[in-house]
Amino acid sequence: MSMKLAILGLLLERDMHPYEMMLVMKDRAIDQITKLQMGSLYYAVDQLAKNGQIAQIEIIRSSDRPDKTIYRITGSGRALFEQLLLQLFKQNDTLYHPMYLALAFSRHVDPDKIAKLLEERIRETEHQVNLAYQVYEEHVSTVPRAALHLMYGKYEHSLTELKWLKRLYADVRAHKLGDIGKPLDLKE
């Protein structure tokens, strides 16, 4: 569903070939905000074309490169795009962080082992924070305001994750994961 929505959304902006769609998704970090398997892009394009939601409008032939098929969204594609988009606005799934279950039982493992993993995770998250802000900054003048909300939201979520990881890391280093009756230190 996400891949089809992304393809249709990009084709609402302009006619494109699949490889160009992939480049735009990566440039805007769309592949970082949802589970998009780039390997399924061509399959999704084929399915949308087969169902009449997009149409081939041109094939660019080149002697030194594979042919590029340019697609355009159809009326049926616009209807599907709206349906998929509105479904996502209605969706209210609970998010399960991969570390939540591990945290429930982490007091039974050597804190130094956990700390080492958290150090790497913090470095990765710092990179995500910086990348998300950079993507936002680079696109301020080129994408609609809705996309800016998406990009800045990714930045804010990453920043919150980083603060949480650092607070957790401090407790791990202080061997406090097994403590009971003491509130967290929530100072910034």
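This is a predicted model: local features need pLDDT of at least 70, side-chain atom pairs count only at pLDDT 80 or more; totals for chains, interfaces and linings use all residues.
# Notebook: helix packing and ring pairs

Entry 1. Residues are numbered from 1 along each chain as its sequence is written, and side-chain values use heavy atoms, with hydrogens and water left out.

Helices (H or I, at least four residues) and strands (E, at least two) are DSSP runs, numbered from the N terminus. Helix α2 covers residues 18–27. I looked up its angle to α3 and found about 125 degrees, with the axes 10 Å apart. Axes are lines fitted to C-alpha atoms, for helices over the stretch in contact, and angles run from 0 to 180 degrees between N-to-C directions. The angle makes α2 oblique to α3 (under 35 degrees is roughly parallel, over 145 roughly antiparallel, 65 to 115 roughly perpendicular, the rest oblique).

Which residues of α2 and α3 meet? On the α2 side I listed Pro18, Tyr19, Met21, Met22 and Met25. On the α3 side I listed Leu41, Tyr42 and Val45. Contact means heavy atoms within 4.5 Å. By class, I found eight nonpolar, no polar and no charged residues here. Ala, Val, Leu, Ile, Met, Phe, Trp, Tyr, Cys and Pro count as nonpolar, Asp, Glu, Lys and Arg as charged, and the others, Gly among them, as polar.

**Entry 2. Helices α1 and α3.** Next I took helix α1 (residues 2–13) against helix α3 (residues 41–50). The two pack at about 70 degrees, with their axes 10 Å apart. They are therefore roughly perpendicular to each other. From α1, the contact uses Met3, Lys4, Ile7 and Leu8. From α3, it uses Leu41, Ala44, Val45, Gln47 and Leu48. I sorted this contact of α1 with α3 by class: seven nonpolar, one polar and one charged residues.

**Entry 3. Gln53.** Is Gln53 buried or exposed? I found 12% relative accessibility, so Gln53 counts as buried (buried is under 20% relative accessible area, exposed over 50%, partly exposed in between, with a 1.4 Å probe and protein chains only). Gln53 sits in the loop between α3 and β1 (54–60). I then left aside its neighbours within four places in sequence. Gln53 still contacts Leu8, Gln47, Leu48, Ile73, Thr74, Ser76, Gly77 and Leu80.

**Entry 4. Helices α6 and α7.** Helix α6 spans residues 111–139, and I checked how it packs on α7. The angle is about 160 degrees and the axes are 8 Å apart. That makes α6 roughly antiparallel to α7. Their crossing is left-handed. The contact of α6 with α7 has 20 nonpolar, four polar and eight charged residues.

**Entry 5. Aromatic pairs.** How many aromatic pairs does the structure hold? I noted six. Rings of Phe, Tyr and Trp (its six-membered ring) pair if their centres lie within 6.5 Å; planes under 30 degrees apart are stacked, over 60 edge-to-face, the rest tilted.

The rings of Tyr100 and Trp164 have centres 6.1 Å apart and planes at 90 degrees, so this pair is edge-to-face. Tyr100 is in helix α5 (residues 100–105) and Trp164 in helix α7, so I noted a link between distant parts of the chain, 64 residues apart. Tyr100 is partly exposed, at 47% relative accessibility.

I then turned to Tyr152 and Tyr155, a tilted pair with 5.1 Å between centres and 50 degrees between planes. Both are in helix α7, three residues apart, which means a separation of about one helical turn. Tyr152 is partly exposed at 29%, whereas Tyr155 is buried at 15%. Ring pairs also join Tyr133, Tyr136, Tyr152 and Tyr155 into a cluster.

Entry 6. Arg167 is in helix α7 (residues 145–173). I found it partly exposed, at 28% relative accessibility. Beyond its neighbours within four places in sequence, Arg167 contacts Leu184, Asp185 and Leu186.

His175 lies in the segment after α7. I noted its positive phi of about 55 degrees, although His175 is not a glycine. At 48% relative accessibility, His175 is partly exposed.

Technical notes. A crossing is left-handed if the near helix is turned anticlockwise from the far one by less than a right angle, and right-handed if clockwise.
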